[in-house]
Amino acid sequence: MAVRKPPITTREYWAPGHAACAGCGPAIVMKLATKAFSEAMEEKYGDPNAFAIAHATGCMEVVSAVFPYTAWKAPWIHVAFENAAAAASGVEAAWKKLGRKGKILAIGGDGGTADIGLQALSGMLERRHNVVYLMYDNEAYMNTGIQRSSSTPYGAWTTTSPPGKYSIGEDKPKKWVALIAAAHQAPYVATASIGDPYDFYRKMKKAASVDGPAFVQVLAPCVPGWRIPSEKTVEIARLAIESGLWPLFEIENGDFYNIKFQRFPKDGKFKKPIEDYLKIQGRFKHLFKRPEAIQELKNQIKEVWRILGKEVELL
Amino acid sequence: MPMRKVMKCNEAAAWAAKLAKPKVVAAFPITPSTLVPEKISEFIADGEMDAEFIKVESEHSAISACVGASAAGVRAFTATASQGLALMHEVLFIAAGMRLPIVIAIGNRSLSAPINIWNDWQDSISERDTGWMQFYAENNQEALDLILIAFKVAENERVLLPAMVGFDAFILTHTVEPVEIPDQEVVDEFLGEYVPKHAYLDPAKPITQGALGFPAHYMEVRYTVWEAMENARQVIKEVFDEFEKKFGRRYYMIEEYKTDDAEIILLTMGSLAGTLKDFVDKKREEGVKIGAAKMTVYRPFPIEEFRALAKKAKVLAILEKDISFGISGAVFADAGRVLVNEKEKPILLDFIIGLGGRDVTFENLEEVVEISKKALVGEKVEEVNWIGLRKEIL
């Protein structure tokens, strides 16, 4: 009897026992990303373990490595908040000199990537290190207790963007780090969502396979930060795709004229209303008393699509 | 045969790096240290040095990349100064806490504000609590030698701490002096290849580095850094001995000059030590019982040697190019700790001198001696004295 190869490797690098919340989106990212990496390393170098991880300070760092325990079955280093990309550069340089085959995976949240770590990320991409930078985007500083980052979407409640008499919540558009990364003409840049784990897996594998730097920005809902039920994490991440709020795309070598899209409706009309995505999240609850803010959010997303070269209709 | 070449101190530091064969260098330009990475770039471009040189986008990334490289198990080196070292500050603690034997060459320069590119020691002195060993060179030869010594001590299993080697901005960094470049084979024998004791970032033996330490463990980890620094005290002396045997040049934790019958001893670090020796000679001719001392190692603080020196003096004057606002110069404050419980101790005076590249002249040193003499005969003087201040513009 022929045994079908599982679509996702059964090897594990993210062990149970870590301290992440029930239903944690980023924890799913850690599990899938390392599996994808291992499969790429096996195909490329014949060694599924041929990688090391440099992790920025943040939720996933804190929950995974509480001395004397670790959730990591791969070599792993944490240095500080803003320098995962720089530390990864150093590891990669050392591996090169040691003649060690493989690739380095740098991991940071949106705060550690879009804000405090942006400079180090830019340097790593520009210098063409053989590093994949994985940004798990839960759209705020969750580790410190839900403060807005530059990746927080318009209208969202956070502890530093509370709605009030003079505030609709976060009042700036989301900063799309994937586009900044692509502007470095990095060999491979992609967005993903844990709402489509196979797409994310494929993109991580691709990122790990290319020579040189790659960047993947993956949407990963945060249960306490988004004020969502713990069993809804993946569903919400999928609704983000289906409503058009979260563009899935790949940009190779900074070629903005040949962006590849995934799960993009042929007619450009997204079938799920944005409101379906917003209404299950406590962080957007206040917007339903402010329809003009929801309209503004839609306008901003349409503008992002237009920059990506797509005219879309959002419900 | 060792080769003698005339070179700037920055070049001597680059030569030391070349001889030490780090596998990774990560550096960012900053005055007055820039020539170090420039020279290393030339060595690499000419195939004389086999290192990965990461041209980082900041000093923060320079030290972060060094941490990554060192944690992956290779020798790592960088050079910086002033604001650059200050930008590294956060990661310096991490490098020491993770016990990574990185070496930094520092072209000792003042800190802003006002922005100033010239010499004092405020940059490295301000990093004294990070867990890095600190060496200060009097001249270009010492800078080269001390960088090799720093690697040897840092990589010792009883130590495993990073080290910085300071040399004065412009006074040394940009001044040419003859420097003896040791033979590569002898340096290879002395240093050997860095092979970390533990398997670092090795997929064959995955370990986690940089984990979160709860209150149940944090203090013990910090204590091991304290212990390692205590061990360094002994290891440095052993390495000084070994260095002398291999290269014929002798180093001391504190080097003394005409101190045996001295009533007043002037203690300093770095290039000012050379000036002091000339000054002592002059004062000796005038019949003043005066001596000088140079502290080569500042962290770990040479406690024993300092106490031995203090026993010889009636007045111990510390001349330092740094200030810890609200207390005194940092060396003076340390000296207080070292002498506080000694039964017999000299009068200890602090002289803040030469900040931001202000020349230290014989006239300044005369002022130091005048104040010290007053203290010697029992007159009350200030404990902390700013020397060479232009009072007319204050």
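Author: Two strands count as paired when DSSP finds at least two bridges between them. The model discussed here is predicted.

Reader: Why is E11(B) said to pair with strand E12 (residues 290-295) of chain B?

Author: E11(B) and E12(B) are joined by five bridges, in the parallel sense. The rule asks for at least two, so the two strands pair.

Reader: What makes strand E11 (residues 264-268) of chain B mostly covered?

Author: Five of the five residues of E11(B) are buried. A residue is called buried when 20 or more other C-beta atoms lie within 10 Å of its own, so each of these residues reaches that count. Ile264(B), Leu266(B) and Thr268(B) are buried on one side of E11(B), and Ile265(B) and Leu267(B) are buried on the other. In a regular strand, side chains alternate between the two faces of the sheet.

Reader: Why is Val63(A) called neither buried nor exposed?

Author: Val63(A) has 19 other C-beta atoms within 10 Å. Buried needs 20 or more and exposed needs 12 or fewer, so a count of 19 is partly exposed. Val63(A) is part of helix H2 (residues 59-64) of chain A. Neighbours within four places in sequence aside, Val63(A) is in contact with His18(A), Ala19(A) and Ala20(A).

Reader: How far is Val63(A) from Glu303(A), C-alpha to C-alpha?

Author: The separation is 36 Å, for two residues that are 240 residues apart along the chain.

Reader: Which residues of helix H5 (residues 118-126) of chain A are called buried, and what covers them?

Author: The buried residues of H5(A) are Ala120(A), Leu121(A), Gly123(A), Met124(A) and Leu125(A). Each of them has 20 or more other C-beta atoms within 10 Å, because that is what the term requires. The cover includes, from chain A, helix H3 (84-98), helix H4 (110-115), strand E4 (131-137), helix H6 (177-182) and strand E8 (214-219), together with H3 of chain B. After H5(A) comes Arg128(A), whose phi is positive, near 65°.

Reader: How do you know that chain A and chain B are in contact?

Author: In this model, 37 residues of chain B are in contact with 38 residues of chain A. The test is a pair of C-beta atoms within 7 Å, so each of these residues has a partner in the other chain inside that distance. Strand E2 (24-27), strand E3 (52-55), helix H3 (59-71), helix H4 (82-97) and strand E9 (208-209) of chain B each supply at least two residues to this side of chain B. H3(B) gives the most, nine residues. By class, this side of chain B has 20 nonpolar, eleven polar and six charged residues.

Reader: What makes E9(B) a partner of a strand in chain A?

Author: Strand E2 (residues 76-78) of chain A is joined to E9(B) by two bridges, and the strands run parallel. Trp76(A) stands opposite Thr208(B) in E9(B).

Reader: Why are E10(A) and E9(B) called edge strands?

Author: Strand E10 (260-261) of chain A and E9 of chain B each have a single partner strand, so one side of each has no neighbour in the sheet. The sheet is open and mixed, with nine strands in the order E10(A)-E9(A)-E7(A)-E8(A)-E4(A)-E3(A)-E1(A)-E2(A)-E9(B). Within the sheet, strand E7 (residues 188-193) of chain A runs parallel to E8(A), joined by six bridges. Ser193(A) there stands opposite Leu219(A) in E8(A).

Reader: How many residues does the largest nonpolar core have, and where in chain B does it draw from?

Author: That core has 236 residues, and Val91(A), Ala13(B), Ile147(B), Ala150(B) and Val165(B) have the most contacts inside it. At least three residues come from each of domain 1 (3-247) and domain 2 (254-393) of chain B. Residues up to four places away in sequence aside, Ala13(B) touches Val36(B), Ala79(B), Ala105(B), Ala143(B), Leu144(B) and Ile147(B).

Reader: How many residues does each domain of chain B bring to the contact between them?

Author: Domain 1 of chain B brings 29 residues and domain 2 of chain B brings 19 residues. On the domain 1 side, H8(B) gives the most, with five residues. The C-alpha centres of the two domains lie 28 Å apart.

Reader: What confidence does the predictor attach to all this?

Author: Chain B averages a pLDDT of 97, and 100% of its residues score at least 70. For the complex, the ipTM is 0.96 and the pTM is 0.97.

Conventions: Residues numbered from 1 in each chain as written. Chains lettered and ligands numbered in written order. Predicted model: local features only at pLDDT ≥ 70, side-chain atom pairs only at ≥ 80, totals over all residues. Contact = placed C-beta atoms within 7 Å. Helix = DSSP H or I, 4+ residues; strand = E, 2+ residues; numbered from the N terminus. Nonpolar A, V, L, I, M, F, W, Y, C, P; charged D, E, K, R; others polar. Domains from an automatic or database assignment. pLDDT = per-residue confidence, 0-100. Core = buried A, V, L, I, M, F, W, Y, C linked by C-beta atoms within 7 Å.
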